[in-house]
Each structure stands twice: as structure tokens, then as C-alpha cells.
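The following exercises are meant to be worked through with the sequence and the coordinates side by side. Each task is followed by a solution in steps.

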Amino acid sequence: MSDVLTSEAPAMIRFRIDGREAAFEDGTTVLEAARVLGIEIPTLCFNEAVSVYGACRLCVVEVTTAGRTRLTASCTYPIAEGLEVRTDTAEIRRARRLVVEMLLAKSPDAGPLHVVADALGVKMPGRWALAPEDQNDCILCGLCARVCAEIVGAAAIDFAERGTRSAVVPFFHRHTEACIGCATCVTVCPTHYLKVEDLHSREVAHAWDSADDERRCILCSGWRTVARFHENPAALLGIGTHGKEAP
Amino acid sequence: MNGSSTGVPPYCGPDPSGQPAFEPARSGVETGRSARVGVLLCVCGPEMRKRLDFDALASFASSLDAVGHVETHPAWCLRPGLRRLRQIVAEKGIERLVVAGCSYRTHRQIFATALERCGLNPYLFEIANLKEQCAAVHPEGAMARAMDQMAMAVAQVAALEPLEPIFVRSEPRALVIGGSLSGLVAAETLAGAGIDTILVEQADVLGGRAGGSRERWPGADFGDEIDERAAAARSNSLITIHLSSKLVRVAGGPGQFVVTVQTPGGETAVRVGAIVLATGSRPAPPGGVYGHDGKRVRTQEEFMELLRGKARVPETPLSIVMIQCVGSRDANRPYCSRVCCLYAVQNAIEARKKWPDTQVAILFRDLEMSCLTERDVKHALEAGVTFHRYDPASPPEIQGQRVSVVDTLLGRRVEILFDLLVLSVGRIPGEGTAGAARVLNIDTDAYGFVPEPVVRLRPQEHAGRGIYVTGSAHWPASPEEATYQAFEMASRAAMALQRGWLSTRPIVATVDESRCLGCGLCASMCGFAAISVVQTDKGRKATVQTILCKGCGTCTAGCPVFAIRSAFYGDAQIAPAIHAAVTP
Amino acid sequence: MSKKFIGFVCEWGGYTAADLAGFRRVAYPADLRTIRVECTGRVDPVWMLDALIEGAEGAMIIGCPMGDSRHEVGNYRAQERTRWVAKGLALAGERPDRVRTAFLPSEDAEGYARTVQEFSRLLDAFGPLDRSEKGVERLRALREVFASEKIRWLVGQGQNVAEDADAFREKIPPLELDARIEEVLRDEYRRVRILRGLRREPMSVVALATHLELPAQAVMRDVSDLIGIGRLAIEGHGDPPRFREVAR
């Protein structure tokens, strides 16, 4: 995003979206342009405050360039001169319904997902379902990991494992000191999957425990009581440091 | 508690390199009615569109004192919005910003960065949450709240003062606690980087030969290396060594620790910028297991005494049996101490070289291969060492002169006559670790070692900023590992100290000495020991150690005479907000 | 115009809970006006009274549960300060519950909404604050009390002594400590009212007592004490004597 504000007089790219002429500066994505133009494109894994990820594929649109039309995620696709974009065709609606059905296969009980499904006309339950032990409300959008890394600066949780075992967890599935218990991940989770719980022991990879009753999140449990010599919150938040922090 | 007794107070102020962190706010920044506040209304959610009348909000905003420009946009935080913001700043002479949009917590950074890039001070900015904290939750009455919250944000922003990151000088000196291998390497590295280093060792010798323990390093030449390093440290003019000494007190914070060391000559306090903890590990006490007597049944360390000729036995042993995992990996001490297999194999090879007619057998549960290598095992096998694997369910038993063990690889019981039994007991934290951790106020794990905050994936950090833990104080490490760890940690400390300063965000408390009575109530309230009362030439006054201040404002609200100011959340900013909130 | 009340929310606990309530669309009344602070420990008792004086029907502090404050101890202080402001309100003939604290986990969206809902209803039940001249004057006097060095010191140090021990290394029973501080608060409130009365215009004891609706005997005692510490002086040579505040 920084390039937006440092360069002067950026090149304006002209393109068409849903039959309308539009012009935005080079580097703008289709989703950004659509939002500014008031065109609704549904999203799940998108949040303006963090980097784009393109995981959920709900924001797919049809782009036509050099005579070829294909479906692509609008959140990651940069506008190009002469691009044609369609945001609401039968093909797109079919694709979005498929996306939601597949998400429902893993997260059949996620209330917010039902809202999206209703809006798209998806019949529930969907056609598929994962084994019950693989089902939970996490749609692997990665928003929690991104806010933790980019906004909070703690980077306490991230993706691990592969395939059906993919999950966002703290390292080695063990509680970590890096988590500061701020619950920002809880606020951005689109399916309300993340919760915070009081736990009464603290288990970390070296398997020690503490008698302290501390608050921590279900995934990561490292809210250390802030003590002297603790990390300055500025270091965690990246505020006012301009990359000049001491390690 | 404060380090006032040791001289010049730390430098606090603008960037000592002379370059501002960003362009300073344009000259003539005014507060109050004439402040030029821009109000950006963000129409970015279905509830906002439904429940808020943005035309009315915009015209209301325009009517507010100090507002110079009002504009509505569907997505201020996206690229096109930020570009428009830049235009507005350039064209309309806006110096402060209120975004009437969503969450301060998630979106603050986007706008703060944008303001900086436009040459504005990022602390002259507030977000009024009209989304999650208004439109989304108020089916009725959202407009009234929105208008008030916007007016409050404008009033607050108009009263804000520009803030810049605070730079605090860091003391170009380091303290290394522990004079064994990792401590010596750390001190050497720091001194090599031109950093004055103080090395504190609680024994009366360097090199980890703490009084009472007859530890030797595995590998015949290693002892020489330690001696060389110790000699180099002694002759290094940048390294000051205190033997029979320990750390007793620490005050201050990163870059400006004041450490008090107790030496045979008394206590001495000194300012340091970084602290390296290198208190190492030591063998666990065998406690009589397997009939340990230090003669016929020895620990590996006691065995090395024999190998190096420091101890004698009446006759050369003809059969040596080593047992691994003694007292380790059980309910009492569940962890593996990592280095015992390495030590055992190296000692076994050395024994076979020294006494070619002596049998050496190693009874192991598993071979820990992160310190030990396959090549070592191969050399051991070539040297004639035999290995037998046992299961913890049926551990080796001593029957008179024999060791009896079920070899799981052979699938049968094996009996070995021995005249020397060598036990690989596990390792526990060095003697100085507990005390040092207490003084430094850092956590230890259940076994007394000092972990890093994000285990295994960020080993170079420590939860105590400015405090570095290296070597076996952190977790049992082989000599090679301890060396590299010490090198790395000391390098990081050196980098930080060579930079010469630390920065911290400016949302901190400051004391107005002209009002301060020196009553100390603030110091009693601070959870971070960041404010304390010191003697000045104007009498006793409270003073804030900026690098420690978290900006919570508890002291500010508790001061009996309003002598403390909280930046950003000051009385001067909150009072107008309260007024705007409830005045019709 | 419908009522309003102020909520001071800490960035880590209260604000997050409020955000989450928004994400989860948990509705609550719109008469709340929030002011964000870094920690609830920042909330000055004087702010709560300013809120009431300026027009709010109540003031609350919403932050992290005890022991969970990111800033260690701020919420303990916030709680204690609010307790004393409440006692002050009672002295002034107002409902002490117009100021309160609420400590919630940052992820408790429903708790946040419920807290705001309950407070809104409570304030409705109380009805509006007495905003007559005398009513507002009582609140302003209270504000001056909580801005005074003496009371600010006692509130802060009282908490230290309650948690620890006094200068003689003895633990004072909490009720007794409270009673002592309350006595000082009562005296201080009375004296501030007297000072404020005489600040407007010098008066005789009887006139002052009538104005403040206090017994003349009590007023006389306070006036003597205040003269004794140099806060009041006799004005002119009239009979009966009138007293004025001494400029500081």
C-alpha cells in the first residue's frame, strides 16, 4: 500500500466493470475498484487492515483480457488497461455457490456462513460433508494469522499442517508466550470460531507449568503478565519505531 | 529503584542522528478552534448505509469548529481512498484527521502510515467508530450517537499535540552473567565489537569449573580451548572480569539497565545497555542411584577425571559399562538432556584409545542425534565400543559385578562384567540461573531453564527486552551449540548497542517538576516501575523512565496535584471530548 | 433530548469487546458515548464528575477483569477511584450508582452489550439528575473535592495502605480505613461547599448556613477551622461579620 502515497501522479488505468467505464490508478485491485464504485462483491477472507490473501475465492469475478475470459479472485487481481470485468453472471454465481458449499462441507454449523449461503441461494445442507472429526467452524481464511502478524505484531499463530489437517495454530500446537491475549483475532474471525478461554495451567513446549491463572486464547495461551523489562508494546505494534527498533 | 545515583540521566529527545523520523508537522500547527481538521466519512457497511444519513453527518461535521474539510467516500482505507486523502492534504491544507469509520484498533496503522507519508504527524489523528460501535449495534438512535462521537473525535483531535517517537540513548556496555564457555564467547564477541563488557562469575575460576563439581568438557582438547578463551578474556582490555561475584539487583530497562554486582570488594553499580545470561547447566546429582560412589560407579564427569589423568585408580579398568538416561526421561525429570549421548560416545572413544585392552559398552534407550552425529557413532563402533539398547520398562540391573540388561536389538538378556560403571545423569540448570532469573525478573520453566518467548522458532528473542539468554542456561547445549548461540546472542546485543539508541512510542507520561511535590504516590501505582522519585536540585521530584513507561496513565489520574501529563490521552484532549459528548 | 451517559473504555479490553459486539451484531442502547483510553487506570475521578456536570446522566468505566489488565494494575485503581466518587455522590444527595465500573473479558461481546443495556435502564429508573442551580452547584463542589490534593492523596494512598500496611507496619481493618477516609471526605465536601459559597460573595455564617441548607453550628465550626488554616478571612468590619475566601 505504501507505493500509493509516495509516487506522484500515478498512471490511471481505464477499464470496464459491469459495462461501466472506470479509471483507477495502477496497482488498484478489481475488488478495491468495485468497492469504491459501490459494486457489491461478497468476501470472507478480505479485510482492509491486513494484506490480501485470496483464500476463500468467494470474490471471484470474470475478467476478459486479450480475448480470454476466466474466473479470478477480485481481491488479488490488479486492474489492467482495457480489462473487462463482470461481477455478477450466472457462471460467477455458480462458482460462488460452489465455494460456499465446499466451505459448508467443513463448517456446516458456522452461522455467518449460512448468511452468505442464503444470500447466494445455496441449499443447505450442501452436497458434501467432511468426516465429522474434520469439521469445525474454521474456514482457513487466515485473517487471524494476518492480524496477529501485521497489526498486533505478535505473529503467535499461523497455518500448519496440510490438507484436511490444515489449521491455524500456535507453534507445535502448544501455547506460546508470543500471544498477548489481545483477542484481535477473535474480532476478525468471520465465522466466530475463535474464542478466548480461561485456562488454569500454562503448558509450553518445554512442558513447564505455572500456577498463575492467566487469560489466554484457545489457540495460543501466552499472555504474560506484563512485567518489568517486558516488550514495549510499541515494539509489538510497530508504532513509532520506523524499523529502528533494537532486537 | 531508579538509577539516579549513577550519574547523567539518559538522553531523551528527538532522533540523535539529526534526521526526523518523518517530516515534522507543518509549521504553525494550531490547536483549538483554528486547527485544521479533516473529517473523512467512510460509508463502508450495509448497516452504515441503512442507519446513518451521511449527508446529514457531513453537513454536521462541516458545522463543527476547527473542521477545515469534510468528505465522504466508500472506502477511505483502500488504495483509491488513500490517494484521495493525499490529494486533500495537499490541496486543502489539512493538518489533522478524523476518520468517521470503523475500528481504531484494526485500522489505525493504515491511516497513521498514510499521514506520515503525507508529511503530517500521525498522532494528530483519531477514528470515530461509526461502524462496529454504532451502526452495527444501534437499530435505533444510531444517528444521534454518530454525530456526537464524530464531534467528540473532532474536539479531541483539535486539542492534540504533535508527538514524535522518543529516542533514548542506550549505554554502550554489556553485562555477561556466567564465565563458562558461552559466557566467554559472548564476552569475546561483544568486546570484539568494541563494547565494554563486564563478566560476572560466581565461582573463583573461569571456565565452568565451579567449586565442588569436577566437571570436565568432553573431547580431549576441549579443556585447552576453554583455558585459551579464559586467558584471552583476561587479557582483553574491554572485558572486566569479576570472580566470586554475582548480580544482586537490576533497575531500569533496556538500553539503560543499572546493575548492581556483589564482588569480594563490595557492591558496585554500573549502567549497561544489555545483559547476557550464560549461567549454563550442570549434571544432576546422582543421588546414590546404581550405587553411585564416585569410584566404582561414577558420573560421566567423574569418569572424565580418570580419562584426563586428574584422578587415579589402583588398576586400569578392564570393563567399563556406561548407562544412559539415568534419572532422566522418567516421571521425575521427563526431559532429555541432549548432550549425555554425545559425552558418553566421546568418552567411550577416548577410553578405548587410552586403554586399548579395555571393553567399553554403552547401554542406551535411544541415541540423541542432535548433538551426537552418525560419524561419531561409527567411530565409536570402529573403536570397538559396543552398544546395547534397553527398554525403560526393564532397565539395567546391577547384580554384584555384573550389569544385566535385556538388549531389545538382540532380543535377549545380556550380562556384562564390569569394574567401572559410568552413569549419564541428566543436566539441570547452572547454580546461578535461578538467582539471576529472579533478579532479572524473567520466567524460568518448570525445570529452571530460561526459555525464549516463542519456543524454538524465535530463539534469539527474549521476553526481557535487552536480555539475551544463551547456551545451556537456555536448554542443555553441546559445546559447539553453546559457542554458536553465544556468538549469535552477543552479536545481536552488540548490534543493538552499537546503534546507540532505542526508540519508543511517545504515548508516555511526563512529570511537570514545577508542580510535583515528590510525594511518591505515582511510584506506588506504577505497574512497571517506570516512575520514581529522585533527588534533584529542586528537591525530590518524580521522574519517568521513558523506555519503561507504557502510557497507561494510572499515575496521571492518581497524582494529587495534576503534575503528570499523559501524551495523547491528556486532560486537555479528554475534557473537550466529554464536553462534546453530552452538550446538546 | 434523550439522556446520554459516558463510557470510558480501555483500548485492550473494553474497546475490543465493543468491536466484537459490533462484529457479532449484538444490539444495545444508543445513549452511550464512548471515550477510549489506553487503560482504565487513566480515568481521572474528575472526568466522571465532569461528565455528570456537563450533562451525562451517568459515567462508567469498562475494562479488563482484575488481574488481567495489560497494564498490570490500572483497573484496580479505576475501581477504587470510582468507589470513592460514588461515595461522594451519595454525600451530595445523588445516587452513587450513577458512576460504576464494569470489568469484562475482551471477547465478551454479549457482556458488553448487557452492561450498557443495564446501565441505560438503571439511569432511566433514576430519572434525570437534579440540574437546578443548587443541584449543579453540589456536583461542582464534588468535582472540586476530587480535584483537591487531600482527597486525591487519600484515595490513592488509602488503596496502598489497604493492600499493604500503614507506616507503622500494621494492617488497618478495611472498614475502619474506609470510615476514616469517608470522614475526611465528608469534612472536605462541606468545606469546599463553604469556600465556594463565599467565593461568590462574602457572607455571614447564618446567611451561608441558610444558603447551603446546613446547620449554622456546623458551619461556624468549619469557618473557624478554615480561618485557622488561612483559607478564609473576615471581610470588612460589619456586624455580624462576613467571611471571604482568601486568594491563593
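Helices are DSSP runs of H or I with at least four residues, and strands are runs of E with at least two. The model is a predicted one.

**Exercise 1.** Describe chain A by its secondary structure, its burial and its domains.

*Solution.* Step one is to count the elements, which gives seven helices and nine strands in chain A. Step three is the division of the chain into domain 1 (2-88), domain 2 (92-134) and domain 3 (143-237). Where domain 1 of chain A meets domain 3 of chain A, seven residues of the one are in contact with seven of the other, and the domain 1 side of this contact has five nonpolar, two polar and no charged residues.

**Exercise 2.** Characterise the packing of helix α7 against helix α13 in chain B.

*Solution.* Two packed helices are described by the angle between their axes and the distance between the axes. For α7 (residues 181-192) and α13 (residues 479-499) of chain B, the axes come within 8 Å and cross at roughly 35°, and the crossing of α7(B) past α13(B) is right-handed. The residues that make the contact include B:Val185 and B:Thr189 of α7(B), together with B:Ala486 and B:Met489 of α13(B). Sorted by class, this contact has 12 nonpolar, five polar and no charged residues.

**Exercise 3.** Which residues touch the most other members of the largest nonpolar core?

*Solution.* The largest nonpolar core has 228 residues, and those touching the most other members are A:Cys144, B:Val39, B:Val98, B:Ala100, B:Met150 and B:Val154. Helix α6 (residues 142-159) of chain B gives the largest share of this core, 12 residues. Another core, of 53 residues, lies apart from it and has B:Leu181 and B:Val276 among its members.

Conventions: Residues are numbered from 1 along each chain as its sequence is written. Chains are lettered from A and ligands numbered from 1 in the order in which they are written. This is a predicted model: local features need pLDDT of at least 70, side-chain atom pairs count only at pLDDT 80 or more; totals for chains, interfaces and linings use all residues. Axes are lines fitted to C-alpha atoms, for helices over the stretch in contact, and angles run from 0 to 180 degrees between N-to-C directions. A crossing is left-handed if the near helix is turned anticlockwise from the far one by less than a right angle, and right-handed if clockwise. Two residues are in contact if their C-beta atoms, placed from the backbone, lie within 7 Å. Ala, Val, Leu, Ile, Met, Phe, Trp, Tyr, Cys and Pro count as nonpolar, Asp, Glu, Lys and Arg as charged, and the others, Gly among them, as polar. Domain bounds come from an automatic or database domain assignment. A nonpolar core is a set of buried Ala, Val, Leu, Ile, Met, Phe, Trp, Tyr and Cys residues joined through C-beta atoms within 7 Å. A residue is buried if 20 or more other C-beta atoms lie within 10 Å of its own, exposed if 12 or fewer, and partly exposed in between; C-beta atoms are placed from the backbone.
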